Amino acid sequence: MAGPMPTRFVTRGVSLDKPHSMLRSWGAILRYMSGYKFLFAVGMILVVFESMMSVFAPNYISEITDLIADGLYTGDIDIDAVNSIGIIVLLLYTLSHVAMYIRNYVMADLAQDVAGDMRTDLNRKLSRMPLKFFDGTSKGDVMSRFTNDSDTVGVALNRSISVFIHGICVLILC
């Protein structure tokens, strides 16, 4: 009978650790983000604003469609009403996209700052490692793993959290 599943895997000569606790990992990421609460709050406010604008705009498009459909039956399409609602739709989508642009900029700044802090801490940790550690592992491989891991966290912070919050907002608002 086989024993418990190992916590280390070897793929293509690279040893990969199985994550032990997702909550612990998120706790570590949130600790790194604690110095950037203002940027994170601004990013989340922009996500909510962007979501609201992109959810409300189709309602106005529905009104335009109703006005045109009613006008086809009566033979009189209210062009002024269609134009005014069209301007509102244009404004809503413009505001949504401006908020998205600013949010992407803010979240990219946040992600790069957090990833930079992680790289700094990982470099400090690496400089404290005993020489015995480097006898069996090349420093380039270790630095490559550290850099790739911190970059992965940076990319996740930049895109995933915003998309996740946007999805929740759209689900709630619809």
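The side chains of Arg103 and Glu50 meet in a salt bridge, with 2.9 Å from N to O. A salt bridge is taken here as a side-chain nitrogen of Lys or Arg within 4 Å of a carboxyl oxygen of Asp or Glu. This pair links distant parts of the chain. Arg103 lies in helix H3 (residues 79–128) and Glu50 in helix H2, 53 residues apart. Both partners are buried; buried means under 20% relative accessible area, exposed over 50%, and partly exposed in between (1.4 Å probe, protein chains only). Glu50 counts as buried because its relative accessibility is 5%. Leaving aside neighbours within four places in sequence, Glu50 is in contact with Ser96, Ala99, Met100, Arg103 and His166. Contact means heavy atoms within 4.5 Å.

The model is predicted: local features need pLDDT of at least 70, side-chain atom pairs count only at pLDDT 80 or more, and totals for chains, interfaces and linings use all residues. Residues are numbered from 1 along each chain as its sequence is written, and side-chain values use heavy atoms, with hydrogens and water left out. The pLDDT is the predictor's confidence in each residue, from 0 to 100. Its mean over the chain is 81, and 88% of the residues reach 70 or more. Over residues 1–16 the pLDDT is below 50. Beyond near neighbours in sequence, that stretch has 17 contacts in the model.

The chain holds five helices and two strands. Helices (H or I, at least four residues) and strands (E, at least two) are DSSP runs, numbered from the N terminus. From the N terminus on, the order is β-β-α-α-α-α-α. Of the 174 residues, 24% count as buried. Among contacts with a separation of 6 or more, 74% come from residues 24 or more positions apart. The accessible surface of the chain comes to about 12100 Å². Carbon and sulfur atoms account for 65% of that surface. Accessible areas come from the Shrake-Rupley method with a 1.4 Å probe; for residues, only the protein chains shown count as cover.

Helix H2 covers residues 37–74, a run of 38 residues. The expected span of a helix is 1.5 Å times one less than its number of residues. For H2 this gives 56 Å, and the end C-alpha atoms are 56 Å apart, so the two values agree. The buried residues of H2 are Gly43, Met44, Leu46, Val47, Glu50, Ser51, Met53, Val55, Ala57, Ile64 and Gly71. Gly75 follows the helix, with a positive phi near 85°.

Tyr60 is also found in H2. Tyr60 counts as partly exposed because its relative accessibility is 28%. Setting aside neighbours within four places in sequence, Tyr60 is in contact with Ile85, Ile88, Val89 and Leu92. Tyr60 and Val82 are 22 residues apart in sequence, and their C-alpha atoms are 9.7 Å apart in space.

The count of salt bridges comes to two. Side chains of opposite charge can pair when their charged atoms come close. Besides the Arg103 and Glu50 pair, the side chains of Asp121 and Arg124 meet at 3.2 Å, N to O. Asp121 and Arg124 both lie in helix H3, three residues apart, about one turn of the helix. An α-helix has 3.6 residues a turn, so residues three or four places apart point the same way. Asp121 is partly exposed, with a relative accessible area of 31%. Arg124 counts as partly exposed too, at 49% relative accessibility.

Helix H5 spans residues 139–173 and includes Asn148. At 44% relative accessibility, Asn148 counts as partly exposed. Asn148 and Arg119 are 29 residues apart along the chain, and their C-alpha atoms are separated by 9.7 Å. Phe164 also has its place in H5. Phe164 is exposed, with a relative accessible area of 54%.

Phe164 belongs to a nonpolar surface patch of about 480 Å², made with Phe56, Ile168, Ile172 and Leu173. Patches are made of residues with over 30% relative accessible area and no salt bridge: like charges are joined within 9 Å, nonpolar side chains (Val, Leu, Ile, Met, Phe, Trp, Tyr) within 5 Å. H5 gives the most to the nonpolar patch, with four residues.
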